[in-house]
Amino acid sequence: MGKTMFDKIWEAHEVAEGLIYIDLHLVHEVTSPQAFEGLRLAGRRVRRPDRTLATADHNVPTDGARSAAEIRDLLSRKQVETLERNCREFGIPIFSIGSKRQGIVHVIGPELGVTQPGMTIVCGDSHTSTHGAFGALAFGIGTSEVEHVLATQTLRQRKPRSMRIRYEGELGYGVTAKDLILGTIGRIGVDGGVGYVIEYAGPVIERLPMEGRMTICNMTIEGGGRAGMIAPDDRTFEWLEGRPAAPDPLPVDEWLALRSDPDAVFDREVVIDASELAPQVTWGTTPAMVVDVTGRVPEPRNPAEERALEYMGLEPGTPIQDIAIDRVFIGSCTNSRLRDLREAAEIVAGRKVAPGVRAMVVPGSMQVREQAEREGLDKIFRDAGFEWRTAGCSMCLGMNPDVAGPGERVASTSNRNFEGRQGRGARSHLVSPRMAAAAAIEGHFVDIRNWN
Ligand SMILES: CC(C)[C@H](C(=O)O)[C@@H](O)C(=O)O
Ligand code: SF4
């Protein structure tokens, strides 16, 4: 019987039953302090500092601060300083605030080329699933597991089951990877993927650029999946070619052999027709509470949906395109790569942000920021009235000064919309970068397919 890509990677890394070897351990300031403290108390070293990489992202302000000392919020400053000190003490490479390579952990891994096909990758962060876009097995772990991996470079893990989601048809004009994954979660639900590693496949996926593939794998966790994966192919290799940490030459044959065998059997198969999809907008407080931009706020079917509508301040039956917004956030590990910014800039070019709307673009890394500036994207955004920030998690979550106020309605390219996620009382609508950009210009949601 054929093997899935997941089986192959798992088998190559299972060093004892239920114990897997970890090729790459990514670290950020939020989930690592206690892990390092545990090592110190036990008098242990980090087993493979050369297989570990740290960055500061959640707590960094995006106001241009150039060092931890310039972080005004005391708690955030302490958090970042602690990470820097731990990395120094344990010999771990770090791109902290002030570094040209600093950025959101899930943006800098692929950017450096440390994320590679066939690897096992973990990080104390749920959106580690992003890296699966390269044909890696990548997932989030808890702080005690972070300590275990730091100490041993292995992880105890029960093997999840496998699912394949195949997309058929073609994505329509103006419909992006973000819409594809939001639409998928809308169909399978926030627990549709629980217990599974999901491989995304089919012609739609094959045609997606790496950025889109990362967006999809990134949000796998929002559908409950343990990890998302996409088979490595020419696009993967093109992305990796020449990256600072990528092997030279690329072991292309070895990587191609990772692909699921044609007769591989998955525990569950789902088929979705991508042609049916319109641009998506969430109306509630989970990513599964989502409709087409041409749709309306639905009648609540249960107490959870009733509560969501109340929190969101929305009336059933309201056309999505009549919903006015106060803030726009283009950023996060879901949608803050160069291509995302290019797509948003195309919409914004020569236009102005609607009066009363505050809009910001937060590049996922300082490298993305630099490249975008080289292309003049910063100017396009600034001329339109957007704020152009430095890299970090920013308004994806309220752990830094970029928060929305109570009752403020945000068109956001991030991945989570639960109560208070972007600030206490803030109301989040998850959308693609193009949809967020168009909403900034109009002051309400619009269908970018027939908007110009
Ligand atoms: C802070 C971190 C543990 C958290 C995660 O695991 O995802 C964060 O990145 C998030 O997106 O909510
Ligand atoms: S950008 Fe958002 S989702 Fe991604 S790691 Fe940061 S807080 Fe988590």
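Start with S332. S332 is buried, because 28 other C-beta atoms lie within 10 Å. The cut-offs: buried takes 20 or more other C-beta atoms within 10 Å of the residue's own, exposed takes 12 or fewer, partly exposed is in between, and the C-beta atoms are placed from the backbone. The phi of S332 is positive, about 85 degrees, yet S332 is not a glycine. Where does S332 lie? In the loop between β15 (327-330) and α12 (338-348). Helices (H or I, at least four residues) and strands (E, at least two) are DSSP runs, numbered from the N terminus.

A word on the source. This is a predicted model, where local features need pLDDT of at least 70 and side-chain atom pairs count only at pLDDT 80 or more, while totals for chains, interfaces and linings use all residues. Residues are numbered from 1 along each chain as its sequence is written, and chains are lettered from A and ligands numbered from 1 in the order in which they are written.

Next, S394. S394 has a positive phi of about 55 degrees, and is no glycine. Buried or exposed? S394 is buried, with 31 other C-beta atoms within 10 Å. Its loop runs between β17 (387-388) and β18 (409-412).

Now a peptide bond. From D248 to P249 it is cis, omega near 0 degrees. P249 sits in the loop between α9 (234-240) and α10 (252-256).

Last, ligand 1. Around it are V30, T31, H58, D125, S126, H127, G140 and L397; the test is a C-beta atom, placed from the backbone, within 6 Å. That shell splits into 2 nonpolar, 5 polar and 1 charged. Nonpolar means Ala, Val, Leu, Ile, Met, Phe, Trp, Tyr, Cys and Pro; charged means Asp, Glu, Lys and Arg; the others, Gly among them, are polar.
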